[in-house]
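Here is a brief report on the structure shown below.

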Amino acid sequence: ITDSRYADLADFLESGDLIILNDTRVMRARVFAELPGGYKRELVVLEKHKDDLNSVMYHGKLRAGDVLTVLTTRDGEKTADTVTIREILGNGTATVSSSRPLADIVEQYGTVPLPPYLRRDADPDDIKRYQTVWAKELGSAAAPTASLNMTEELIDKLKTAFNFIKSHYGVINTFSGKLHEYIREKYGDRYKQHVFYPQRHL
């Protein structure tokens, strides 16, 4: 065992080695909305699976049938877009429908959902910083954070081969550790196949 730094990765790899990288791109998955009466709610869109993008985690009380008006920012103006709560799944998650494709709404009004331990809202620079340098296809709600340390300068030093996978990463991993246990208890043997998508390899 040797103490070292991520920046010294090239010292441990040789020509002929293969590095596999995840080229998922983080969506602007965090969006703010408002219930009738002015009650603010926060929604985080869960990671994309196939063509579906209709599940969210939410902060604050919601019920099936609630219609939320999307806001431009946390304290911003109302937009013409709405999100309707279709089913409460439990433990802070729900399925939703929207006035237009949810992917388009979050791309226009959303921000990247920074991990809670950063204790701040995302700023415009985070949209670029919270991506790997090789990010390509939108679909993740959280970044593969270990890869954020791999800069273009470091890649240039490596004499290895590279291959890419698409592994869309979700807020389930980063934002809600208790959610795993809840889903496993509710869905039992179907847990991995139908419900829990920590990473989806394509």
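## A loop residue, a barrel and its helix

Thr160 sits in the loop that links helix H3 (152–157) to strand S10 (161–165). The model is a predicted one. Is Thr160 buried or exposed? Its relative accessibility is 10%, so Thr160 counts as buried, the cut-off being under 20%. Which residues does Thr160 touch, apart from its neighbours within four places in sequence? They are Leu13, Glu14, Asp17 and Ile19.

**The barrel.** Six strands form a closed barrel in the order S3-S4-S5-S8-S7-S6, and the pairing is antiparallel. From one strand to the next, the twist averages 45°. S3 and S6 pair over two bridges, in the antiparallel sense. Ala33 has Val70 in S6 as its bridge partner. Helix H1 packs on the sheet. The direction of H1 makes about 125° with that of S7.

**The helix face.** H1 covers residues 102–109. Leu102, Ile105, Val106 and Tyr109 are its buried residues. Why do they lie on the same side of H1? They cover an arc of only 90° around the axis, which puts them there. An α-helix has 3.6 residues a turn, so residues three or four places apart point the same way.

| Strand | Residues packed against by H1 |
|---|---|
| S3 | strand at 30–34 |
| S4 | strand at 40–45 |
| S5 | strand at 55–59 |
| S6 | strand at 67–71 |
| S7 | strand at 78–90 |
| S8 | strand at 93–98 |

**The cores.** The largest nonpolar core has 22 residues. Which of them touch the most other members? They are Leu43, Val45, Val56, Leu62 and Leu102. S3, S4, S5, S6, S7, S8 and H1 each give two or more residues to this core. H1 gives the most, with four residues.

Leu43 shows the packing in detail. Neighbours within four places in sequence aside, Leu43 is in contact with Ala29, Arg30, Val31, Val56, Met57, Tyr58, Leu62 and Val83. A second core is separate and has seven residues. Among them are Val26, Ala122, Tyr130 and Ala143.

Notes. Residues numbered from 1 in each chain as written. Predicted model: local features only at pLDDT ≥ 70, side-chain atom pairs only at ≥ 80, totals over all residues. Heavy atoms only, no water. Buried < 20%, exposed > 50% of the residue type's maximum accessible area, 1.4 Å probe, protein only. Arc of directions from axis to C-beta. Contact = heavy atoms within 4.5 Å. Pairing = 2+ DSSP bridges. Axes fitted to C-alpha atoms, helices over the stretch in contact; angles between N-to-C directions. Core = buried A, V, L, I, M, F, W, Y, C linked by side-chain atoms within 4.5 Å.
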